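The report below goes through selected local features of one protein model.

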Amino acid sequence: MMERRHSQGLSIGALLLLVNVLQLHAQTPPEIPCEFRGAWVATVYNLDWPSKAGLPSARQQAELSGILDRAAILHLNAILLQVRPSSDALYESRIEPWSAFLSGKMGQPPSPLYDPLGWAIREAHARGLELHAWFNPFRALTTADASVDPSHVTRRHPEWIRRYAGQLILDPGVPAVREYVMSVIMDVVRRYDVDGIHIDDYFYPYPVKDKTGAIVPFPDNASWRGYLDGGGQLSQGDWRRENTNRFVEGTYRAIKAEKPFVKFGISPFGIWRPRVPPSIEARLDAYDQLYADSRRWIEQGWCDYFSPQLYWPTEPAAQSFPVLYAWWMGQNPLHRHIWPGIASERIGPARPAQGIAAQVELTRTLDGAALPDPGQTFWDMKSLMRDAGGIDSVLRDGPYREIAAVPASRWLGSDSPGKPVVTEHGEAIAWKAAPGIPPRWWAVQTKTAGAWRLRILPANTASLLPGGANTVSVRAIDRFGNQGPPAMLELRGSKNSVP
């Protein structure tokens with residue numbers, strides 16, 4: 001009898017333990033979705049922002065606030081803001097002059113004076129958005145006859161400048177040019193709280209043809225002869241590619257030496273070479289005309305994320321978004337992020353918004369298997385601002401229904417922050433970070449009537465009104481994207497307690 005009662009006691013105890021475990025599991029918040037959702041905001045030619053040059057500062061800020069608000073409403077989590085369109089600056093710089101696209105006149109600051117990049121970073125973070133500073137590395141001027149400030153690089157170093165297709169270009173074949181551009185980028189890395197540095201696909205300029213249809217050669221023979229006179233043995237094409245390679249690798253290593261957590265991203269032309277893969281045709285050979293060996297950059301790990309501009313539709317299949325996406329995913333031995341560019345700009349009768357959403361879904365799987373850290377980058381923000389083809393509701397009601405955090409870059413750092421301390425203060429909840437790794441973001445989940453809601457808040461946030469929720473979970477996310485364990489709190493008045 002004693003043995004039987006002991007057995008029954010164990011069964012009851014096990015049952016109670018199971019009930020407690022199930023009860024706790026029911027309270028446990030869902031996993032934080034991770035997906036990069038970015039959009040390029042171009043300043044060159046005032047494409048996205050500001051709407052025109054010379055606007056008063058308050059108007060510029062209001063326009064950028066509208067862009068950031070729309071990004072947050074659509075559940076994006078990153079903005080790639082062009083801060084150097086033409087060897088100029090949309091931020092306070094001692095190296096390059098204020099951009100004419102901002103103030104209307106090169107070298108003239110916005111009025112009243114403010115720092116657009118610093119302001120944008122603060123406002124983006126307040127909305128749970130990363131801010132990546134986007135640079136055009138080698139374009140000196142979009143038009144050769146522009147009004148130029150005396151401090152501009154074309155005036156200080158005319159020996160670096162090449163005229164091509166009506167533009168002025170910094171010659172990548174001059175070692176001092178590469179060092180100069182890297183110094184501009186590193187000035188921003190050191191002085192600003194950016195989440196990423198981004199460069200586009202303008203290395204050597206896109207080729208143009210003369211009246212006979214022949215491609216006009218890029219006029220870098222002087223620097224080419226200097227290379228040969230110094231004992232160089234590469235062909236001119238290989239030499240140009242090596243110039244680009246050195247710039248990409250050098251920039252990556254400089255960023256990591258200064259701030260390892262700042263991501264470095266590149267958005268090359270979406271086709272590495274024509275006939276690669278075999279069904280792909282292209283008039284442009286980025287490898288042999290832009291001298292961009294982009295496949296090598298990702299193979300070598302010289303970037304943290306890669307956003308090839310895959311602006312093609314899903315059909316016809318031969319030359320399509322899914323074919324190119326699958327190819328790029330196969331060129332990634334070090335498992336860096338591949339977050340392709342998607343052409344929301346091309347929404348129209350032949351490219352409905354639903355097709356854009358389908359491409360988002362395609363980036364989440366490969367060969368039928370779910371990918372752990374998917375992502376997308378939209379060109380352009382203007383199409384999202386004007387709700388082209390109803391894209392906003394298509395995204396919000398479809399693939400972007402839920403908020404997502406930016407995926408972790410684990411090769412940069414894999415330790416996780418600790419569990420915060422969460423307390424209740426009147427109608428608010430408050431939390432403090434655990435000792436050790438500081439947070440970059442807080443992932444706050446609240447449960448109301450059985451449904452969980454996620455918010456991504458900046459690290460300087462320490463409290464929240466739960467809005468009728470009965471359970472709250474708070475976890476830290478560090479600068480590398482690593483998530484710590486959740487700290488849970490059952491709010492007063494709830495029926496079940498959480499250990």
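## Strand pairing at S16 and S19

Ile429 stands opposite Leu464, a residue of strand S19. Strand S16 (residues 428-432) and S19 are antiparallel and share two bridges. The model is a predicted one, in which local features need pLDDT of at least 70 and side-chain atom pairs count only at pLDDT 80 or more, while totals for chains, interfaces and linings use all residues. Residues are numbered from 1 along each chain as its sequence is written, and side-chain values use heavy atoms, with hydrogens and water left out.

Strands (E, at least two residues) and helices (H or I, at least four) are DSSP runs numbered from the N terminus. Two strands pair if DSSP finds at least two bridges between them. S16 belongs to an open sheet of three strands in the order S15-S16-S19, with antiparallel pairing. Its edge strands are S15 (421-425) and S19 (463-464), each of which pairs on one side only.

## Strand S3

Strand S3 (residues 130-135) is mostly covered, with six of its six residues buried; buried means under 20% relative accessible area, exposed means over 50%, and partly exposed lies in between (1.4 Å probe, protein chains only). Both faces are covered: Glu130, His132 and Trp134 are buried on one side, and Leu131, Ala133 and Phe135 on the other.

S3 runs parallel to strand S2 (residues 78-84), to which six bridges join it. S3 also runs parallel to strand S7 (residues 196-199), here with four bridges.

## Helix H12

The buried residues of helix H12 (residues 353-362) are Ala353, Ile356, Ala357, Gln359 and Val360. Seen down the helix axis, they fall within an arc of 155° (taken from the directions from the axis to the C-beta atoms), so they line one face of H12. Their cover includes helix H11 (321-329), strand S11 (341-342), strand S14 (375-378) and helix H14 (391-396).

## Cavities

A cavity is a set of points, on a 1 Å grid over the protein atoms alone, where a 1.4 Å probe fits but cannot get out; lining residues have an atom within 4 Å of a point. Grid points are joined across faces, edges and corners, and a volume is the space filled by probe spheres set on the points. By this rule there are two cavities of 30 Å³ or more.

The largest cavity has a volume of about 160 Å³. It is lined by 18 residues, of which Glu130, Val406, Trp441, Ile477 and Gly481 are the closest to its centre. The lining has nine nonpolar, three polar and six charged residues, where Ala, Val, Leu, Ile, Met, Phe, Trp, Tyr, Cys and Pro count as nonpolar, Asp, Glu, Lys and Arg as charged, and the others, Gly among them, as polar.

The second largest cavity has a volume of about 30 Å³. Asp201, Phe203, Pro268, Phe269, Ala286, Leu290, Ala292 and Ser294 line this cavity. By class they divide into six nonpolar, one polar and one charged.

## Two buried loop residues

Ser320 sits in the loop between strand S9 (305-306) and H11, and is buried at 0% relative accessibility. Beyond its neighbours within four places in sequence, Ser320 is in contact (heavy atoms within 4.5 Å) with Ile280, Trp312, Pro313 and Thr314.

Gly173 sits in the loop between strand S6 (167-170) and helix H6 (175-191), and is buried at 8% relative accessibility. With neighbours within four places again set aside, Gly173 is in contact with Arg178, Tyr204, Ser223, Trp239 and Asn243. Gly173 and Arg240 are 67 residues apart in sequence, with their C-alpha atoms 6.6 Å apart.

## Backbone geometry

Most residues other than glycine have a negative phi, and most peptide bonds are trans. The table gives the exceptions considered here.

| Site | Feature | Value |
|---|---|---|
| Ser111 to Pro112 | cis peptide bond | omega near -10° |
| Trp379 to Asp380 | cis peptide bond | omega near 15° |
| Asn46 | positive phi | phi near 55° |
| Ser87 | positive phi | phi about 55° |

Pro112 is in the loop between helices H3 (100-103) and H4 (116-126), and Asp380 in the loop between S14 and helix H13 (381-385). Asn46 lies in the loop between strand S1 (36-41) and helix H2 (57-73) and is buried, with a relative accessible area of 16%. Ser87 lies in the loop between S2 and H3 and is buried at 0% relative accessibility.

Note on methods
On a 1 Å grid over the protein atoms alone, a cavity is a set of points where a 1.4 Å probe fits but cannot get out, and a pocket is an open set with protein on both sides within 12 Å along at least five of seven lines; lining residues have an atom within 4 Å of a point.
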